[in-house]
Amino acid sequence: MGWGAFLMTIAIRRPRLSKQQRRSLLIGLLFISPAIVGFTLFNIGPIIQSLQYSFTRYNILQPPRYVGLNNYLFLLEDRVFKIGIQNTLYMVLIGLPIHLVFNMLMALLLNTKIKGLSIYRSIFYVPSITPVVASTIVWLWIFNGQFGILNEFLRFIGLRPIGWLTDPNWVKPSLIFMGAWFGGNTILIYLAGLQDVPHDLLESAELDGANALQKTFRITLPMISPVIFYTIIVNVIGYFQYFTEAWVMTSTRDGSAGGVANSAMFYSMYLYQTAFQQFKMGYASAQAWILFMIVLVATLILFKTSRWVYYHAEE
């Protein structure tokens, strides 16, 4: 659950529970108590400690030294940090909408009644259960400037090859293009939502003369708007932490990554380099808390602007 959902939940007044409901609640808490204890011991402690480290200069080998707000102030002057924010916002504001629209279109197509539908659904879902690193390495060869299949296709149709991973203008579009390959989970969630759309509403609309587009935009999408909202929240949080694909695609032999002119240097990648390659744990902790605040604000904004979500179960 995102922080926005948590804040929204505690703000809602709950009715008094009956004796049976309190008993059921206690039983439920008992079953999830191992997870609660584990979270308390292994998450809350490091979270608090990272906040403390964000006000220190700490390199693991020496004791932390308090520096106040210097880490946060230095972030305002860090050029690579600003590039990381810009690249991450590019993926969130451009890449994420493209992927969500593409996944929705695929889900709508896979929701139709055609022969061999189960095979097509499996084909679209299999990439999502393939290890991300292995799939990314395959795409690394596909994007290869000299031997990649994409450039071979461009040459075949008479177009000039593109430096997918060597041209700063094409690195992020290449990652967005590759990201459509990993949309199986989102497509599956959309399919589950589409299965719950009442068929009688679609049939009534068809009898009234509505075409496919009208049924989609006036019935189907509003009915699954809670599902769409959920995928937006989850993917926004995930895209702010975009890391694995870009790291594998742009890593070099010396252990660095980020692409040409830092064109693929995303926030999480720079945080990782700061913490585990440069061992600036205090500075990395400050970056982590800034990222947390950005994700928290984004989540709250999404919940604040969620009036378009239609919860038909409440009617």
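1. Rings of Phe, Tyr and Trp (for Trp, the six-membered ring) are taken as a pair if their centres lie within 6.5 Å; planes under 30 degrees apart count as stacked, over 60 as edge-to-face, and the rest as tilted. One aromatic cluster in this structure consists of Trp139, Phe143, Trp164, Trp170, Phe177 and Trp181.

2. The model is predicted, and local features need pLDDT of at least 70, side-chain atom pairs count only at pLDDT 80 or more, and totals for chains, interfaces and linings use all residues. Residues are numbered from 1 along each chain as its sequence is written, and side-chain values use heavy atoms, with hydrogens and water left out.

3. The whole structure contains 19 aromatic pairs. One of these joins Phe81 and Tyr267 in an edge-to-face arrangement, with 5.3 Å from centre to centre and 70 degrees between the planes. The pair links distant parts of the chain, since Phe81 belongs to helix H4 (residues 79-110) and Tyr267 to helix H14 (residues 267-276), 186 residues apart. Helices here are DSSP runs (H or I, at least four residues), numbered from the N terminus. Phe81 and Tyr267 are both buried, where buried means under 20% relative accessible area, exposed over 50%, and partly exposed in between (1.4 Å probe, protein chains only).

4. A charge is said to sit over a ring if NZ of Lys or CZ of Arg is within 6 Å of the ring centre and within 35 degrees of the ring normal. The charged end of Lys172 is placed in this way over the ring of Tyr90, 5.3 Å from its centre.

5. Pro173 is part of helix H8 (residues 168-179). With a relative accessible area of 26%, Pro173 is partly exposed. Met91 is 82 residues from Pro173 in sequence, yet their C-alpha atoms are 9.1 Å apart in space.

6. Phe279 is in the loop between H14 and helix H15 (281-304) and is partly exposed, at 40% relative accessible area.

7. The domain assignment, automatic or from a database, divides the protein chain into domain 1 (2-68) and domain 2 (74-308). Their C-alpha centres lie 29 Å apart.

Conventions. Helix = DSSP H or I, 4+ residues; strand = E, 2+ residues; numbered from the N terminus.
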